[in-house]
Amino acid sequence: QVQLVESGGGLVQAGGSLRLSCAASGRSVSNYVLGWFRQAPGKEREYVAAITWSYGSTYYADSVKGRFTISRDNAKNTVYLQMNSLHPEDTAVYYCAALQKGTLRYDYWGQGTQVTVSS
């Protein structure tokens with residue numbers, strides 16, 4: 001089992017920045033991909049970014065490329081999502097999730113953290 005706890009959400013004005021954190025505990029995540037997803041009211045959950053824990057390879061949705069940066073801290077077992085140049089359409093609940101390499105599904109999810117961007 002992998003437990004994920006997000007933090008760092010809040011209210012920010014358009015153009016501002018926030019950094020989300022996702023602390024992982026339980027089973028080692030060295031063989032996992034950690035991802036960020038978001039879900040806005042009335043919309044489906046969408047992929048935002050992902051990072052491979054072992055090599056630190058990063059991947060982004062087109063909508064956030066160039067504005068968001070995903071990173072990890074091995075010592076703290078934590079994944080971060082630095083969000084810059086925020087838009088009102090970035091408003092959503094942001095979730096951290098873990099996918100074990102060799103599988104096709106994110107099996108572990110955090111409880112989510114609310115990000116609200118005001119115009």
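1. Asn-77 sits in the loop between strand S7 (68-73) and S8, where strands (E, at least two residues) are DSSP runs numbered from the N terminus. Its phi is near 55°, a positive value in a residue other than glycine. Most residues other than glycine have a negative phi. At 25% relative accessibility, Asn-77 counts as partly exposed, the class between buried (under 20% relative accessible area) and exposed (over 50%), computed with a 1.4 Å probe on protein chains only.

2. On the basis of these remarks: this is a predicted model, in which local features need pLDDT of at least 70 and side-chain atom pairs count only at pLDDT 80 or more, while totals for chains, interfaces and linings use all residues. Residues are numbered from 1 along each chain as its sequence is written, and side-chain values use heavy atoms, with hydrogens and water left out.

3. The chain holds zero helices and 11 strands, and the radius of gyration, taken over C-alpha atoms, is 13 Å, close to the 14 Å that the globule rule (2.2 Å times the number of residues to the power 0.38) gives for 119 residues, so the chain is as compact as a globular protein of that length. The C-alpha trace spans about 40 × 25 × 25 Å along its principal axes. Of the 119 residues, 44% are buried. Where contact means heavy atoms within 4.5 Å, 54% of the contacts between residues at least 6 apart in sequence join residues at least 24 apart.

4. Thr-78 is found in strand S8, which covers residues 78-83, and is buried, with a relative accessible area of 9%. The side chain of Thr-78 reaches the backbone oxygen of Lys-76 at 2.8 Å; such a polar contact is a pair of N or O atoms within 3.5 Å, in which, within protein, one must be able to donate a hydrogen and the other to accept it, and residues adjacent in sequence count only if both atoms are side-chain atoms. Leaving aside neighbours within four places in sequence, Thr-78 is in contact with Ser-21, Cys-22, Ala-23, Trp-53, Ser-71, Arg-72 and Asp-73.

5. Further along strand S8 is Gln-82, a partly exposed residue with a relative accessible area of 26%. A polar contact of 2.9 Å joins the side chains of Gln-82 and Asn-84. Beyond the neighbours within four places in sequence, Gln-82 is in contact with Ser-17, Leu-18, Arg-19, Arg-67, Phe-68 and Thr-69. The C-alpha atoms of Gln-82 and Ser-71, 11 residues apart along the chain, are separated by 8.1 Å.

6. The loop between S8 and strand S9 (92-100) contains Ser-85, which has a positive phi of about 50° although it is not a glycine. Ser-85 is partly exposed, with a relative accessible area of 38%.

7. Leu-86 lies in the loop between S8 and S9, yet is buried, with a relative accessible area of 1%. Apart from neighbours within four places in sequence, the residues in contact with Leu-86 include Val-12, Ala-14, Leu-18, Arg-67, Phe-68 and Val-117. The C-alpha atoms of Leu-86 and Ser-54, 32 residues apart along the chain, are separated by 29 Å.

Technical notes
Helices (H or I, at least four residues) and strands (E, at least two) are DSSP runs, numbered from the N terminus.
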